[in-house]
Each structure stands twice: as structure tokens, then as C-alpha cells.
Amino acid sequence: KESDRSRSVSEAQHLFLINSTEVNGWIEKSWMLRLLPLDKENRETSLQYIWLNVLSRYPTADELREASQVLGANKTPAQANLQDLVWMLTNTSEFSLRH
């Protein structure tokens, strides 16, 4: 028997995540993001932790490379860059379908 659960994101779900000040507030206030070590030596482990918490899986090599570009490859990123990365992950179809 087929599942009754939809395998696509509704327009209302998508708009809620894109426009939600509530979700954005959760991301901005996250103690986890403030405590993650993102220096060059710890960055990959911290990014894996973010992926596991947001998407329930490890990032691919390409995703790690892209995330490092978002954060700034050779420096410790600003908190805003990290929040942008988490915001991007929460606005993926994958996030909407898993949570």
C-alpha cells in the first residue's frame, strides 16, 4: 500500500520557510551555532554536525566544498555566514520532506 504522505513540498510549506521570521529567529538564537568551532582544523567536523542536525545525513564532498565557500575558505567565518548556511539548508526540499 502506498503511503498517504506526500512526497512533495506544498507551496504553503515552502513560503513559510522562506518568509518565516520565527524560523530565522531560531537560527539566530541557536546556541549550537555560536559554540561550533569553525576554524580551519575543525570546520569539516562542524559542517558534518550541522548537516546531521538539519538534514539527518552527512554532507557530500561537493556540499562540504560549497559550504566552505559560503563560510569563507581561509578564515573563521562571521556568525552571519553560518546562519546563512543553516537558512539555506532549511529551505531545501530535502529538509521539508524529512521534517
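Hi everyone, let's start with serine 56, which sits in the loop between α4 and α5 (61–71); helices here are DSSP runs of H or I of at least four residues, numbered from the N terminus. Before going on, this is a predicted model, where local features need pLDDT of at least 70, side-chain atom pairs need 80 or more, and totals for chains, interfaces and linings use all residues. Residues are numbered from 1 along each chain as its sequence is written, and side-chain values use heavy atoms, leaving out hydrogens and water.

Serine 56 is not a glycine, yet its phi is positive, at about 60 degrees. Its relative accessibility is 42%, so serine 56 counts as partly exposed (between buried, under 20%, and exposed, over 50%, with a 1.4 Å probe and protein chains only).

Now to asparagine 53, in helix α4 (residues 43–55). Asparagine 53 is also partly exposed, with a relative accessible area of 41%. A polar atom of its side chain lies 2.8 Å from the backbone oxygen of tyrosine 49. From asparagine 53 to valine 86 is 33 residues in sequence and 9.9 Å in space, C-alpha to C-alpha.

Finally, how do α5 and α6 pack? The axes of α5 and helix α6 (residues 79–90) are 9 Å apart, at an angle of about 140 degrees; axes are lines fitted to C-alpha atoms over the stretch in contact, and angles run from 0 to 180 degrees between N-to-C directions. The two helices are therefore oblique, meaning not under 35 degrees (roughly parallel), over 145 (roughly antiparallel) or 65 to 115 (roughly perpendicular). Ala67, Val70 and Leu71 of α5 meet Asn81, Leu82, Leu85 and Met88 of α6, with contact meaning heavy atoms within 4.5 Å.

Notes: A polar contact is a pair of N or O atoms within 3.5 Å; within protein, one must be able to donate a hydrogen and the other to accept it, and residues adjacent in sequence count only if both atoms are side-chain atoms.
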